[in-house]
Amino acid sequence: MSYKIVFFDMDGTITNHADGTISKQTKHAIKELKNKGYKLVVATGRPLSMCEEMRELGIDTFITANGGYVKHHNEVIHKIPMAKRVLEEVSMFAQNENHALSFYSEEFCMNGVTNPEILKALKETLSLNDYPPINEMIHQQEVFLLCLFADDEIAEMYINRFPHLSFRRWHPYVLNVLQEDVSKSLAIKKVLEYFSIKSSEAIAFGDGENDIDMLESVGLGIAMGNGSEKLKKAADFVTKKSSEDGIAFALKQFKLI
């Protein structure tokens, strides 16, 4: 099969799942792919402002906010902003209950609620060592993803209070709050249409269960060795861990570099 485009999850895939760094071997592999003419796309849960390290590797197409916002250079390919009314209702309820929310526009901010579990989750999911800023004007901006930091008991409160929204857990302490279907697979479809590339000509790398639909929507789905067992079962190939240069290993196995 002749492949033309490669989609990469970021945290735990491009970055080392243990310490959040990017190895020289991984950087070299990505640059070599680019030099060979493959289109490269980051498909991440991160907001765009937290993808600068990927730009330095020569990547210029980004699926961010778990598929809610897609940009190629300065052109927006796809976006699904939340309704401002919904944003305000959930934010007000969280503020009254003293629960933490994070907001994904092109930037990343939170509502100011803090506790050790939140900080631990920020470290594990976004490699952050501190809380992001509070943006008092966030309700006037387009927000593409809202995340609730909560255990199952708190999550149940929101599910009952907002039955018209869906709450998808992707971390033991974090849930996506969705008004419409937002997914990496839908965003990938939009990117493939934009570049006139078939899904069979695409490769995707991922490590989390939120990457399952991404791996299933391309010609070759590759799970990292540190990935979830569900993801590995859905993948066409399981490579080494991100801490063992799994991206470079897989690309060499398939003779892409």
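Leaving aside neighbours within four places in sequence, which residues is Asp151 in contact with? The answer is Arg169 and Tyr173. Keep in mind that this is a predicted model.

- You'll find Asp151 in the loop between β8 (145-149) and α6 (152-161).
- Asp151 counts as partly exposed because its relative accessibility is 34%, and that falls between the 20% and 50% cut-offs.
- Asp151 and His171 sit 20 residues apart in sequence, and their C-alpha atoms are 9.9 Å apart in space.
- Ala150 is in the loop between β8 and α6 too.
- With 0% relative accessibility, Ala150 counts as buried.
- Once neighbours within four places in sequence are set aside, Ala150 is in contact with Ala155, Arg169, Pro172, Tyr173, Val174 and Leu175.
- Ala150 and Ala202 are separated by 52 residues in sequence and by 35 Å in space, going C-alpha to C-alpha.

**The sheet and strand β11**

- Eight strands make up an open sheet with mixed pairing, in the order β5-β4-β3-β2-β1-β11-β12-β13.
- Its edge strands are β5 (75-79) and β13, each of which pairs on one side only.
- Strand β11 (202-206) is mostly covered, with five of its five residues buried.
- Which residues of β11 point one way, and which the other way? Ala202, Ala204 and Gly206 go one way, while Ile203 and Phe205 go the other, and all are buried.
- On one pairing, β1 and β11 run parallel and are joined by four bridges; Phe7 has Ala204 of β11 as its bridge partner.
- β11 also pairs with β12, again in the parallel sense and over four bridges.

**Helix α10**

- Helix α10 covers residues 246-253, and its buried residues are Gly246, Ile247, Ala248, Ala250 and Leu251.
- What covers those buried residues? The list includes β1 (5-8), α1 (10-14), α2 (24-35), β11, β12 (220-223) and β13 (237-238).
- After α10 comes Lys255, which has a positive phi, near 55 degrees.

**The nonpolar core**

- As a rule, nonpolar side chains in soluble globular proteins tend to be buried together.
- Here the largest nonpolar core has 52 residues, and the ones with the most contacts inside it are Phe8, Leu33, Phe149 and Phe205.
- Take Phe149: apart from its neighbours within four places in sequence, it is in contact with Ala100, Ser102, Met110, Ile118, Ala121, Leu122, Tyr173 and Val174.
- Phe205, for its part, is one of the buried β11 residues.

**Pockets**

- The largest pocket has a volume of about 940 Å³.
- It has 37 lining residues, and those nearest its centre are Thr125, Trp170, Asp207, Gly208 and Asn210.
- α1, α5 (116-126), β9 (166-171) and β10 (174-178) each put at least two residues into the lining of the largest pocket.
- By class, the lining of the largest pocket comes to seven nonpolar, 17 polar and 13 charged residues.
- The second largest pocket holds about 230 Å³ of space.
- Its lining is made up of Glu88, Ser91, Met92, Gln95, Phe103, Met110, Asn111, Ile134, Asn135, Glu136, Ile138 and His139.
- Which helix gives the most to the lining of the second largest pocket? That's α4 (residues 84-97), with four residues.
- Five nonpolar, five polar and two charged residues make up the lining of the second largest pocket.

**The cavity**

- How many cavities of 30 Å³ or more are there? The count comes to one.
- The largest cavity has about 60 Å³ of space in it.
- Lining the largest cavity are Ile80, Pro81, Met82, Phe144, Leu145, Val177, Leu178, Gln179, Glu180 and Val182.
- Eight of the residues in the lining of the largest cavity are nonpolar, one is polar and one is charged.

Key: Residues are numbered from 1 along each chain as its sequence is written. This is a predicted model: local features need pLDDT of at least 70, side-chain atom pairs count only at pLDDT 80 or more; totals for chains, interfaces and linings use all residues. Side-chain values use heavy atoms; hydrogens and water are left out. Buried means under 20% relative accessible area, exposed over 50%, partly exposed in between (1.4 Å probe, protein chains only). Contact means heavy atoms within 4.5 Å. A nonpolar core is a set of buried Ala, Val, Leu, Ile, Met, Phe, Trp, Tyr and Cys residues joined through side-chain atoms within 4.5 Å. On a 1 Å grid over the protein atoms alone, a cavity is a set of points where a 1.4 Å probe fits but cannot get out, and a pocket is an open set with protein on both sides within 12 Å along at least five of seven lines; lining residues have an atom within 4 Å of a point. Grid points are joined across faces, edges and corners, and a volume is the space filled by probe spheres set on the points. Ala, Val, Leu, Ile, Met, Phe, Trp, Tyr, Cys and Pro count as nonpolar, Asp, Glu, Lys and Arg as charged, and the others, Gly among them, as polar. Two strands pair if DSSP finds at least two bridges between them.
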